[in-house]
Amino acid sequence: MSENVKFVQGNEACAEAALYAGLDFYAGYPITPSSEITEYLAYHLPQIGGKFLQMEDEIASLCAIIGASLTGRKVMTATSGPGFSLMQEALGYAIMAEIPCVIVDVQRGGPSTGLPTHGSQADVNQARWGTHGDHAIIALTASNHQDVFSITVEAFNLAETYRTPVILLLDELVAHMRERLVIPEPGKIPLVDRLKTSVKEGVDYHPYLPREDGRLPMSDFGGVHRFNVTGLFHDMWGFPSSEPSIVHGLLRHLVDKLENRAHQLACYKEYYTEDAEQLLLSYGSSARSALHTVENRRKRGERLGLLELQTLWPFPEDIVREKCAGMKSVIVVEQNMGQVLQAVKLAVDEPAKVFLANRIDGVFITPADILNILRLIQGKGV
Amino acid sequence: MAIKDYLRERFFPHLWCPGCGHGMVLNGLLRAIDKLGMSKNEIVMVSGIGCSSRITGYVDFHTLHTIHGRALAFATGVKMARPELNLIVPMGDGDALAIGGNHFIHAARRNIDITAIVMNNRIYGMTGGQFSPLSGENIRATTAPYLTIDPSFDVVELAKAAGATFVARTTTYHIQQVSDIIGKAILHEGFSVVEVLSQCPTYFGRKNKEGDAVDMVQHFKKNTTSIGSKAKQENPDLIERGIFVQTELPEYCSEYEKMVQRAMKGQ
């Protein structure tokens, strides 16, 4: 069978991947630069009998997919910074009530309306801490369309496995760029289906009693088990409780189920790191310029490597510490004022050796920008 | 089935104050469901935040207690995902029409088959007695120490204008009518709005010198009348009770299925 090759935008790659992963319910609201995801699914979901809703705002979009997810559907919404800001309360609800969903944030410049049609990577910390209260979150990203495809499928798999919202942090450049994409054969990337309860009808059922591995085998709404779902702290029946031991136990469960698995949740790629003396650390569209820089400097004999992160949260501390160990310097390449830089500095043994190469003016960071920073660090001037 | 078979007795006592009207609405709602002979498994009740929204915890259906004002958006997702389920959304006045006003008008506009029950006690009870968009003018509240200057929404007029295809109003005094109207609203295919005037003796009653719960319920008897009654003609200040709108128009989930048929044929 010939390869299914397409020449598409990153947004279309994401939407294609969502369908591959089994997406059958989507709700969204128009916003640049994510609208193509919504448009693509408005066209394709009805053709396969899936559900597409254009809601009245981004808040309603996330709320609607959470409701649909409870009935057992695989769900997604997509937005950009301003819409992602609006979604934060419902995001916390999905964390608290343990409802699988995928939220795509195609990042643009901010704050506020900012730069709607220009790239940015400045929502990294919003993805981590945008919703209130202590919590853990999974946030993934990718730098090219093939990776956007596989990481989108991974986002669904992780959401279903851990019954949690997963944030997919794309950026305007990757989202709007056209590039070759090979759609894998069905089944080539394994899909995770939601764990269902084996408790029979009529037996007292505890929807919020996690298994030893932290996973919840939940019944779908409309099934034989009727239970309560709430954003309040709740007991194993899902009924509100402010009993200190229950509050403590639930919060620890919600955080530990992800933070304790930071190592296995970590997706990343390495280029030329085996003998590297200096390391670029990047992600998303910035990693493309970082890779170009590494390949150019290698031709000149410089031992430069690249660590490209695809999992941003939980931050892969162990991997970053290990890969940065012994480097003369580590340069974090990103399009914000140092959001991942801070996490890297906290993770490494020698934070003084970690530098930032960034742009915050809406212009895509180029290999020349990165080279300038490299030369400054190397004491060669610009 | 006995009414208590619809309740999660494990979670009682409930948190409502003595004299609160919300338990009366719950009573009327459960009697309506019992009369319709519906299976508990086919009912999903979705609520937001507030005193009224705690109703979901106490009933033995699939229950979803969500965030403030957004219950109808969650319910829209559940209904679209499983159109065969019956969606009932009890809301407070602030929940439905202040923070949730946008979702309220859009659910009505779509005419999606959801039964929205606005339990209107004209006050934010759970947070301690602040005025709501249904308090109306010259009301005393903890955020209106000099009396409110905010005009009120008329839930019925708003629901009609937004496109709801079943619109009704009653009060906790008229408990048989509560049950009767909610039953009809559940059977109606489309977006149904039932406003139930309910009493909050703790905050609204005390602050506004309306007496105790019994006095407040008596007040509903005195100040309301059936739609188009002679009493209304004589005293236009009376609030009308009954079914204002009951029309058959295309329902959203059914229309979506027709769109799916078109999409599958490539049209």
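How many residues of chain A are in contact with chain B, and with how many residues there? Keep that in mind as you look through these close-ups of a predicted model.

**View 1. Chain A meets chain B.** Here is the answer: 34 residues of chain A are in contact with 32 residues of chain B. On the chain A side, β2 (25-28), β3 (51-54), α3 (58-69), α5 (88-97) and β10 (228-230) each supply at least two residues. The most comes from α3(A), which gives eight residues. Sorted by kind, the chain A side has 20 nonpolar, eight polar and six charged residues.

**View 2. Strands from two chains pair up.** Look for β10(A) beside strand β2 (residues 62-65) of chain B: the two pair in the parallel sense over three bridges.

**View 3. Two domains of chain A touch.** Chain A is divided into domain 1 (4-183) and domain 2 (268-377), and their C-alpha centres lie 26 Å apart. Where they meet, 26 residues of domain 1 are in contact with 19 residues of domain 2. Among the elements of domain 1 that give two or more residues to this side are β6 (115-119), β7 (138-140) and β8 (165-171) of chain A. Helix α6(A) gives the most, with four residues. This side of domain 1 divides into 14 nonpolar, nine polar and three charged residues.

**View 4. The largest nonpolar core.** In soluble globular proteins, nonpolar side chains tend to be buried together. The largest nonpolar core in this model has 184 residues, and those with the most contacts inside it are I66(A), V89(B) and I117(B). Helix α7 (residues 145-162) of chain A provides the largest share, nine residues. Domain 1 and domain 2 of chain A both give residues to this core, so it lies between them.

View 5. Leaving aside neighbours within four places in sequence, V89(B) is in contact with residues including V46(B), A71(B), L72(B), I114(B) and I117(B). Another core, of eleven residues, lies apart from the largest one; W16(B), C20(B), A141(B) and F204(B) are among its members.

**View 6. A closer look at R206(B).** You will find R206(B) in helix α8 (residues 201-207) of chain B. Is R206(B) buried, exposed or partly exposed? It counts as partly exposed because it has 14 C-beta neighbours inside 10 Å. Along the chain, R206(B) and V155(B) are 51 residues apart, and their C-alpha atoms are separated by 24 Å.

Key
Residues are numbered from 1 along each chain as its sequence is written. Chains are lettered from A and ligands numbered from 1 in the order in which they are written. This is a predicted model: local features need pLDDT of at least 70, side-chain atom pairs count only at pLDDT 80 or more; totals for chains, interfaces and linings use all residues. A nonpolar core is a set of buried Ala, Val, Leu, Ile, Met, Phe, Trp, Tyr and Cys residues joined through C-beta atoms within 7 Å. A residue is buried if 20 or more other C-beta atoms lie within 10 Å of its own, exposed if 12 or fewer, and partly exposed in between; C-beta atoms are placed from the backbone. Domain bounds come from an automatic or database domain assignment. Two residues are in contact if their C-beta atoms, placed from the backbone, lie within 7 Å. Ala, Val, Leu, Ile, Met, Phe, Trp, Tyr, Cys and Pro count as nonpolar, Asp, Glu, Lys and Arg as charged, and the others, Gly among them, as polar. Two strands pair if DSSP finds at least two bridges between them.
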